[in-house]
Amino acid sequence: MAQRLPEKNFLGIERLVGRVRSAARKAADLNNVRLLHIEISYAVRYLLPAESVETFYLLFPDPWPKRRHHRRRTVTEDFVNTLSAAVCKGGVIYIATDHLEYFRKIKEIASSVAGLADAGIDLGVPSSKFAGVFQQQGAPIYRVALRKVSPVR
């Protein structure tokens with residue numbers, strides 16, 4: 001995507017060092033890519049200024065399917081509020097997962113956050129490694145694009 005859009009800047013955030021190294025190898029010749037080896041919730045909350053991001057791509061966050069592990073999930077109401085604060089007016093938060101129950105929870109959370117609306121668009125995001133694996137297994141990919149809108153008063 002960074003190759004396709006050289007006029008845009010991309011910031012990759014990942015907590016697993018192996019994935020950061022892999023992304024760094026792929027982006028070595030690109031001037032519009034930066035990578036952070038950090039937990040995304042921390043980066044968005046403390047490092048990104050308000051209304052500084054045009055589009056967030058949250059691709060295949062760990063669903064932590066066991067009920068006792070749900071507290072470890074990345075997509076929570078607090079996190080979506082933090083994303084909403086960092087995204088600019090008219091900006092988009094794009095989320096993809098292969099886990100239906102998690103997707104339903106994400107949609108529920110998104111509907112409770114003021115100032116976000118289902119954008120009903122496909123952003124043409126290139127297939128990721130995870131998307132390819134899940135599609136080979138015949139698993140459907142669930143996607144939602146949320147646009148930041150002015151809250152209704």
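Tutor: Helices here are DSSP runs of H or I with at least four residues, numbered from the N terminus. In this predicted model, Tyr-46 lies in helix α2, which covers residues 40–47. Is Tyr-46 buried or exposed? Exposed means over 50% relative accessible area, and Tyr-46 has a relative accessibility of 56%, so this residue counts as exposed.

Tyr-46 also belongs to a nonpolar patch on the surface, which it forms with Tyr-42 and Leu-47. Together, Tyr-42, Tyr-46 and Leu-47 present about 340 Å² of accessible area. For the protein as a whole, the accessible surface comes to about 9,700 Å², and carbon and sulfur atoms account for 51% of that surface. As for the interior, 31% of the 153 residues count as buried.

Read from the N terminus, the elements follow the order β-α-β-α-β-α-β-α-β-α-β. The radius of gyration is 15 Å, close to the 15 Å that the globule rule gives for 153 residues, so the protein is as compact as a globular protein of that length. Its C-alpha trace spans about 45 × 35 × 30 Å along the principal axes.

The contacts complete the picture. Among contacts with a separation of 6 or more, 76% are made by residues 24 or more positions apart.

Definitions and conventions:
Residues are numbered from 1 along each chain as its sequence is written. This is a predicted model: local features need pLDDT of at least 70, side-chain atom pairs count only at pLDDT 80 or more; totals for chains, interfaces and linings use all residues. Side-chain values use heavy atoms; hydrogens and water are left out. Patches are made of residues with over 30% relative accessible area and no salt bridge: like charges are joined within 9 Å, nonpolar side chains (Val, Leu, Ile, Met, Phe, Trp, Tyr) within 5 Å. Accessible areas come from the Shrake-Rupley method with a 1.4 Å probe; for residues, only the protein chains shown count as cover. A salt bridge is a side-chain nitrogen of Lys or Arg within 4 Å of a carboxyl oxygen of Asp or Glu. Helices (H or I, at least four residues) and strands (E, at least two) are DSSP runs, numbered from the N terminus. Buried means under 20% relative accessible area, exposed over 50%, partly exposed in between (1.4 Å probe, protein chains only). The radius of gyration is taken over C-alpha atoms; the globule rule is 2.2 Å times the number of residues to the power 0.38. Contact means heavy atoms within 4.5 Å.
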